[in-house]
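This briefing covers selected local features of one chain.

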Amino acid sequence: MTSQPHTTPGAANSLDALAKRIRFDLDCLNLPSPNWVPEKQSGRGEKIHDVVVIGGGMCGLVASFALRTSGIRNMRIFDRNPEGLEGPWLTYARMETLRSPKTLPGPAYGMGALTFRAWYEAQHGAAAWERLDKIPRPMWMEYLIWYRNVLDLPVENEVEVTSVTPEGEFLRLELRGAGAKESSVLTRKFVMATGRDGTGHPNIPDFVSGLPKHLWAHSSEDIDFPSLKGKRVVVIGVGASAVDNSAEALEAGAKEVRHLIRRREMPTINKMMGIGSFGFTSGYAALPDEWRWRFMQYSFSTQTPSPRGSTMRVSRHENAFFHFGQGIARVWNDGDEVVIETTAGKTVRTDYLILGTGFTVDPLARAELGDAAGEILLWRDRYTPPAGEESRELANFPYLNADFSFRERTPGAAPWLSSIYCFNYGASASLGKVSGDIPGISDGARWLAYSIAATLYGEDVETHWRAMLDYEKPELLGDEWTETELEDCAARGEREPTYQTGG
């Protein structure tokens, strides 16, 4: 386990000083900008929000900060989880440390004082920062809580959006949950900052459909690891979530943990790391479909390996086993024992099965969009890859507009989908890694804020034009000059001046 640094004396005062520095920096930058969006009301006098963001985790926080700094202030932020449990960090994320290098600015949005480093050094000092290898996962959540508080981002917790429907030119959001102040709200724009499963759901293979639920779990679920002490456990897959859950089971005292892996070799190279740059972040979305598909399909097919530290956290146990070339053919239960038949003809018996099978992108699974989810344009509707580059997973990603908004499959069937912004993992096929991962999240948030601001301004252009015509505050008061009558030179008997040109 990663050791936690000691908090230095006066850390609270240092954090207070850091908060003052942030406020000073924002003041110097004239941020947040004043609200410039004209206020609107429904025909019944109901308040219209300019933007509603769902998701109070990293994506939702930086998106909300970007919108607010751009002068879009009439905004609500909802998260279905209790305060302090937004995102995966203290729920189903089980790695010891983050994969991303500690030096990445993440959601800092161009402000050094908002970085994890500034927050960490304020409490633990510069020497501790130099000693730190990777960011401990729970500490990242502490940082995000501080980020939310220091920026005074008004997340409303325990509020779930259950339905989104058009109502005239606006969207009606139905709400429920202990934190809901009303049963519904109206908004002009709706941002889905919903993380890894934001446009889909956990990937549950069909082979567990007949298996009693007490015998298996997906890695995203709440798993009672202490109950696995002395038991045999099988983990499907070898990605990051698979090995993290395997490590948790081993550390809880599992008798053995076996990874059943369809691939014949362990993935070892994170191909995306080799091309990460400002150019890729900026240029990916502008590439032709065939190039965007090629980059993403290759990344999917080669698979991102689990981090070295996470993998060694498993392999240091003598009772951990990696079995390659063992896809799953059939799974059934024999009483309270799980029986697995692999594609290689092997049979494995175990007490508990963990699916490290990740998440699938499936916009049709977004229940809050109702039947309109079926009208979301997908990549399979727009692009047919050449032989050898097929990918069912990638084909299910939404084919987004350049501003993160959904596109309708049938023209005129659901035009209001363009007012919903997919600021989550589902955007990666269309726009790149700018709406879910730490490296590009601030770039994506700035992009989103500019896009929404441009759309709102365009929709209200007549109001802004009238405001220009009606503006009458003078900058000159009339006492800054004296008018002088111009006299004719000939009337005074003077010759008009002559001008020469050239040398």
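Predicted model: local features only at pLDDT ≥ 70, side-chain atom pairs only at ≥ 80, totals over all residues.

N30 lies in the loop between α1 and β1.

**Backbone geometry**

- N30 has a relative accessibility of 60% and therefore counts as exposed.
- The loop between α1 (11-28) and β1 (48-54) also holds P32.
- L31 and P32 are joined by a cis peptide bond, with omega at about -5°.
- F404 is not a glycine, yet its phi is positive, at about 80°.
- The position of F404 is in the loop between α11 (392-395) and β17 (420-421).
- With 0% relative accessibility, F404 counts as buried, whereas N30 counts as exposed.

**Helices α3 and α5**

- Helix α3 (residues 116-124) and helix α5 (residues 137-150) have axes that come within 10 Å and cross at roughly 100°.
- Because angles of 65 to 115 degrees count as roughly perpendicular, α3 is roughly perpendicular to α5.
- On the α3 side the contact is made by F116, W119, Y120 and H124; on the α5 side it is made by M139, W140, E142, Y143 and W146.
- By class, the residues of this contact of α3 with α5 are seven nonpolar, one polar and one charged.

**Sheet β12-β13-β14**

- Three strands form an open sheet in the order β12-β13-β14, and the pairing is antiparallel.
- β12 (328-334) and β14 (347-350) are the edge strands, each pairing on one side only.
- From one strand to the next, the twist averages 20°.
- Strand β13 (residues 337-342) and β14 run antiparallel and are joined by four bridges.
- V339 has R349 as its bridge partner in β14.

**Buried charged residues**

- R188 sits in strand β6 (residues 184-192).
- The relative accessible area of R188 is 4%, so R188 is buried.
- E368 belongs to the loop between β16 (359-361) and α10 (379-382).
- E368 has a relative accessible area of 8% and is therefore buried.
- The side chains of E368 and R366 are joined by a polar contact of 2.8 Å.
- Apart from residues up to four places away in sequence, E368 touches I54, V161, T162, S163, V164 and M192.

**V208**

- V208 is located in the loop between β7 (200-202) and β8 (216-218).
- A relative accessible area of 2% makes V208 buried.
- Beyond its neighbours within four places in sequence, V208 is in contact with W216, L353 and L355.
- V208 and G458 are 250 residues apart along the chain, and their C-alpha atoms are separated by 50 Å.

Definitions and conventions: Residues numbered from 1 in each chain as written. Heavy atoms only, no water. Axes fitted to C-alpha atoms, helices over the stretch in contact; angles between N-to-C directions. Helix = DSSP H or I, 4+ residues; strand = E, 2+ residues; numbered from the N terminus. Parallel < 35°, antiparallel > 145°, perpendicular 65-115°, else oblique. Contact = heavy atoms within 4.5 Å. Nonpolar A, V, L, I, M, F, W, Y, C, P; charged D, E, K, R; others polar. Buried < 20%, exposed > 50% of the residue type's maximum accessible area, 1.4 Å probe, protein only. Pairing = 2+ DSSP bridges. Polar contact = N/O pair within 3.5 Å; in protein donor to acceptor, adjacent residues only side chain to side chain.
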